[in-house]
Amino acid sequence: MATINLVDLKKNYGNVPAVKGINLQVADGELIVLVGPSGCGKSTLLRMVAGLETVTSGRIEIGGKDVVKAEPAERDIAMVFQNYALYPHMSVRGNLEYGLKNRGTPRGEIDRRVQEAADILEIGPLLDRKPRQLSGGQRQRVAMGRAIVREPAAFLFDEPLSNLDAKLRVQMRVEIRKLQRRLKTTSLYVTHDQLEAMTLADRLVVMNGGLVEQIGTPTEVYDRPATLFVAGFIGSPPMNLIEVSSVANKNSIGTLPAKTDIIGIRPDALFIAPQEGASISLKGSVELLEPIGGESHVHVRLDSSGQSVVLSIPGRPHLEEGADITLHARLADIHPYNSDTGRRTDSPVANL
Amino acid sequence: MVENRPWLSFLTHLVLIAGVVIVVFPVYLAFIASTHGSGDFMRGLVPLLPGPHMLENYGRMLNEGISTAGAPPVSIMLMNSTIIAIVIAVGKIAISLLSAYAIVFFKFPFRLLAFWIIFITLMLPVEVRIIPTFAVVANLGLLNSYVGLTLPLIASATATFLFRQFFLTVPDELMEAARVDGAGPMKFFRDILIPLSRTNIAALFVILFIYGWVQYLWPLLVTTDSRYYTVVMGIKRLAATADAEPLWNLVMASVILAMLPPVLVVIFMQRLFVKGLVDTEK
């Protein structure tokens, strides 16, 4: 149980900055997900908190103590690795016990905690097996068990689900969420999978190029992306970012905030039918129809700019590929951005 | 490969059996010779069946040796050889494990240089540097001692290189997990790296034990006291008698005795080796 405070945290590899000054306050018991594309510095940030990377400048406070100079073992954290990093020559029990033994925990206490973790994760029958005798999902559980038995101040997850198959990933995602709710341990979770990020996070930290783009609850981030990057990154299929000049009925644009030159429209906010109230329209031709079960994704090439936009429509619309089409969007659903600053042009989003 | 071709399997077996016969026959002959009387082997017709003097020959070699040839009892030489081979094998493994650990897992200035210097010594066989090595050992007063017999042979670039290659395959996360689990460098080495290297250690022990056992030139140089003779060089002394025919039956008895420990090591370690292969796997 602890808070984590990152103050102006920076990391350079030689002259190359990987993390360019991160401020983040994690409340006690909160699950924060760091999400971003490869190379955005999210893993480096996590490893700095773990103590596996040195810190170039800034402070890391876990439970109010500055731990920048502390060894990983002294930080009272437990980490779950992407490839699980189980000790191959030890049994599952040996893997769970190792950290406790190194800390000189009494035998009775070790047995109690191992039993408890095994019960929580339902790996009791596997305790005497070796890691290579386990399936991917079971290894994942053992890796989590190794973190749980330590009863640490914070869990650090480094893309723990990316080695699992899609179905198992969804299942384990739910379990991690339940587990974290139950144990109420402060957690930092790194992933590049935005669906995983959205479903797990109490708060989301979207990172790009070593900087934080936006911090907020998943709904906040989805509903009001602070920057063009977040707008394009969160959501699947991604938000359509269209230049204002492409809009057909120019008269309605006047109501957009000043300096807006790019508008973002979510695929589910684009419609084929004209909309009531203030709206804009876009002309184009149907390029591709992707039926994906309950809904269909329609790719439309805009006449004015040649840009391709995607809209998602419930059911299976009767559209011919190549047919002309006019798309409509309510003004209220439009996210206005400025391409120079990359930020929203309506009331800015508080970044805390 | 699973194939059902009777002629092919007959032929392959024939080749294998012929190979085994070629390799085994001299050994068999040595054994036969060691069971006959002193002159039997020189009479022109080589006997192919065991003779009646086996216990007598072996007993004599083990307990008395041949004093006229300047050879101590084989039991002493066997003991010396065993001590030397074990010290060399264990020492080589211990030193190369530690140096490979340092080179792979620690960042220190010139560590690549350190590795290459070790690696380059691979190109220098013992024989090339034997005179300077002898001078050093002699000046240190280590002639006729176990230290003198083993110390110059105890560093191994080959083993260091093999362990380095193995350590490079150990994922970084394993070390990081151990650090988070509160294991310091030596604890990680002892609890995780060494158990993982078990099969490599077993295989190297076999190779290095035999390397130590068959050392000939170096023991010949540094020992003048018969108490420190090793069995391999001792056999040479037995065979090189000045005026008389060598006592082949006794020489061969020593040869058979000299062969036994390496054979036992191979057989014993092979089981461990296979067990290790089955048990640990990443």
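Author: Helix 1 of chain A, residues 42-50, is mostly covered, with 8 of its 9 residues buried. This is a predicted model. The buried residues of helix 1 are A:K42, A:S43, A:T44, A:L45, A:L46, A:M48, A:V49 and A:A50. After helix 1 of chain A comes A:G51, which has a positive phi near 95°.

For the chain around that helix, the secondary structure of chain A comes to 8 helices and 17 strands. Chain A has 352 residues, and 39% of them count as buried. The C-alpha trace of chain A spans about 75 × 45 × 35 Å along its principal axes. Of the contacts in chain A with a separation of 6 or more, 65% are between residues 24 or more positions apart. Chain A is divided into two parts, domain 1 (4-228) and domain 2 (242-337). Taken over C-alpha atoms, the centres of domain 1 and domain 2 of chain A are separated by 40 Å.

A:Y84 counts as buried because it has 24 C-beta neighbours inside 10 Å. Apart from neighbours within four places in sequence, the contacts of A:Y84 are A:R139, A:Q140 and A:A143. The C-alpha atom of A:Y84 is separated by 41 Å from that of A:L288, a residue 204 places away along the chain.

Helix 2 (residues 92-102) and helix 3 (residues 107-121) of chain A have axes that come within 10 Å and cross at roughly 135°. Helix 2 and helix 3 of chain A are therefore oblique to each other. The crossing of helix 2 of chain A past helix 3 of chain A is right-handed. On the side of helix 2 of chain A, the residues that meet helix 3 are A:R93, A:L96, A:E97, A:L100 and A:K101. Helix 3 of chain A answers with A:I110, A:R113, A:V114 and A:A117. By class, this contact between helix 2 and helix 3 of chain A has 5 nonpolar and 4 charged residues, and no polar ones.

Two glutamates in loops call for a note on the backbone. A:E122 is not a glycine, yet its phi is positive, about 55°. A:E122 is found in the loop between helix 3 and helix 4 (136-148) of chain A. A:E122 counts as exposed because it has 11 C-beta neighbours inside 10 Å. A:E151, also a residue other than glycine, has a positive phi near 45°. The loop that holds A:E151 runs between helix 4 and strand 7 (154-158) of chain A. With 15 other C-beta atoms within 10 Å, A:E151 is partly exposed.

Another backbone feature is a cis peptide bond between A:S236 and A:P237, with omega about -5°. A:P237 lies in the loop between helix 8 (228-233) and strand 11 (240-243) of chain A.

In strand 12 (residues 262-265) of chain A is A:I263. A:I263 has 24 C-beta neighbours inside 10 Å and so counts as buried. Not counting residues up to four places away in sequence, A:I263 touches A:I242, A:V244, A:I334, A:H335 and A:P336. A:I263 and A:N23 are 240 residues apart along the chain, and 29 Å separate their C-alpha atoms.

Chain A also touches chain B. The contact takes 18 residues from chain A and 17 residues from chain B. On the side of chain B that touches chain A, helix 8 (172-180) and helix 9 (185-196) of chain B are the elements that give two or more residues. Helix 8 of chain B gives the most to that side, with 6 residues. The residues of chain B on that side divide into 8 nonpolar, 2 polar and 7 charged.

Methods:
Residues numbered from 1 in each chain as written. Chains lettered and ligands numbered in written order. Predicted model: local features only at pLDDT ≥ 70, side-chain atom pairs only at ≥ 80, totals over all residues. Axes fitted to C-alpha atoms, helices over the stretch in contact; angles between N-to-C directions. Helix = DSSP H or I, 4+ residues; strand = E, 2+ residues; numbered from the N terminus. Parallel < 35°, antiparallel > 145°, perpendicular 65-115°, else oblique. Left-handed = near helix turned anticlockwise from the far one by under 90°. Contact = placed C-beta atoms within 7 Å. Nonpolar A, V, L, I, M, F, W, Y, C, P; charged D, E, K, R; others polar. Domains from an automatic or database assignment. Buried ≥ 20, exposed ≤ 12 C-beta atoms within 10 Å, placed from the backbone.
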